[in-house]
Amino acid sequence: MLATVQAEDFMHLLGKHCIFRNPQHPDISLQVQAVKLRPQAQSPHQTARRTPFVVELAAEGATELADAVGQLELPATEHSDAIRLDLVWIGRVIPAGRDPALAYFQLPFN
C-alpha cells in the first residue's frame, strides 16, 4: 500500500487530522500542515513513477513520541475514502521558529 501512495493523497488533507498508532505510545492526532515534493531525492537508478515527497505534521500538546513506526489512519474526504497505512515511519523535527507548544513530525515517501 505504501508504494502506491502519492503526494496528491495528502494534498486533500491539508489542515485535517489523521491518527497515528504505535503500540508503545498513546494514539496521537496529527494535523497535515504541508506536502512538499522532493524530486531531488529520486534515485537515478530507481524506475519508480512517484516523485519523492514529505508530509509535514503537527500534534498539539506535549508528547514523548520521537521517531516511530506505526499505523496512520487518514480520514475520508470528498475526494477519497478513508485510508489506513501500515508500517509508516514518522520522525520528529525541531520547531525551528514555529510554535514551540506543538510537536512537529515529518513523513517521507521516496
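In which loop is Lys16 found? In this predicted model, Lys16 belongs to the loop that runs between helix H1 (7-11) and strand E1 (17-22). Strand E1 is itself part of a barrel that six strands close in the order E1-E2-E3-E6-E5-E4, with antiparallel pairing, and the twist from one strand to the next averages 45 degrees.

**Barrel and strand pairing**

- Within the closed order E1-E2-E3-E6-E5-E4, strand E4 (residues 68-74) and strand E5 (residues 83-93) run antiparallel and are joined by six bridges.
- Across this pairing, the residue that stands opposite Ala68 is Ile90 in E5.

- Although Lys16 and Pro75 are 59 residues apart along the chain, their C-alpha atoms are separated by 8.0 Å.
- Pro75 is also among the contacts of Lys16, which, once neighbours within four places in sequence are left aside, are Leu30, Gln31, Val32, Pro75 and Thr77.

**Asn22, in strand E1**

- Asn22 lies in strand E1 and has a relative accessible area of 9%, so this residue is classed as buried.
- A polar atom of the Asn22 side chain lies 2.7 Å from the backbone oxygen of Val69.
- When residues up to four places away in sequence are not counted, Asn22 touches Ala68 and Val69; Ala68 is the residue that stands opposite Ile90 in E5.

**Glu56, in strand E3**

- Glu56 is located in strand E3 (residues 53-60) and, with a relative accessibility of 18%, counts as buried because the limit for that class is under 20%.
- The side chain of Glu56 is joined to the side chain of Lys36 by a polar contact of 3.2 Å.
- Not counting residues up to four places away in sequence, Glu56 touches Gln31, Val32, Gln33, Ala34, Lys36, Arg98 and Phe105; Gln31 and Val32 are also among the residues in contact with Lys16.
- Arg98, which is one of the residues touched by Glu56, lies over the face of Tyr104, at 4.0 Å from the ring centre.

- A search of the whole structure finds three aromatic pairs, among them the tilted pair of Phe10 and Phe109, whose rings are 5.8 Å apart centre to centre with 45 degrees between the planes.
- Because Phe10 lies in helix H1 and Phe109 in strand E6 (residues 102-109), this pair ties together parts that are 99 residues apart in sequence, and both Phe10 and Phe109 are buried.
- Phe53 and Phe109 form a stacked pair, since the centres of their rings are 4.7 Å apart and their planes stand at 15 degrees.

Note on methods
Residues numbered from 1 in each chain as written. Predicted model: local features only at pLDDT ≥ 70, side-chain atom pairs only at ≥ 80, totals over all residues. Heavy atoms only, no water. Pairing = 2+ DSSP bridges. Helix = DSSP H or I, 4+ residues; strand = E, 2+ residues; numbered from the N terminus. Axes fitted to C-alpha atoms, helices over the stretch in contact; angles between N-to-C directions. Buried < 20%, exposed > 50% of the residue type's maximum accessible area, 1.4 Å probe, protein only. Polar contact = N/O pair within 3.5 Å; in protein donor to acceptor, adjacent residues only side chain to side chain. Contact = heavy atoms within 4.5 Å. Phe/Tyr/Trp six-rings, centres within 6.5 Å; stacked < 30°, edge-to-face > 60°. Lys NZ or Arg CZ within 6 Å of the ring centre and 35° of its normal.
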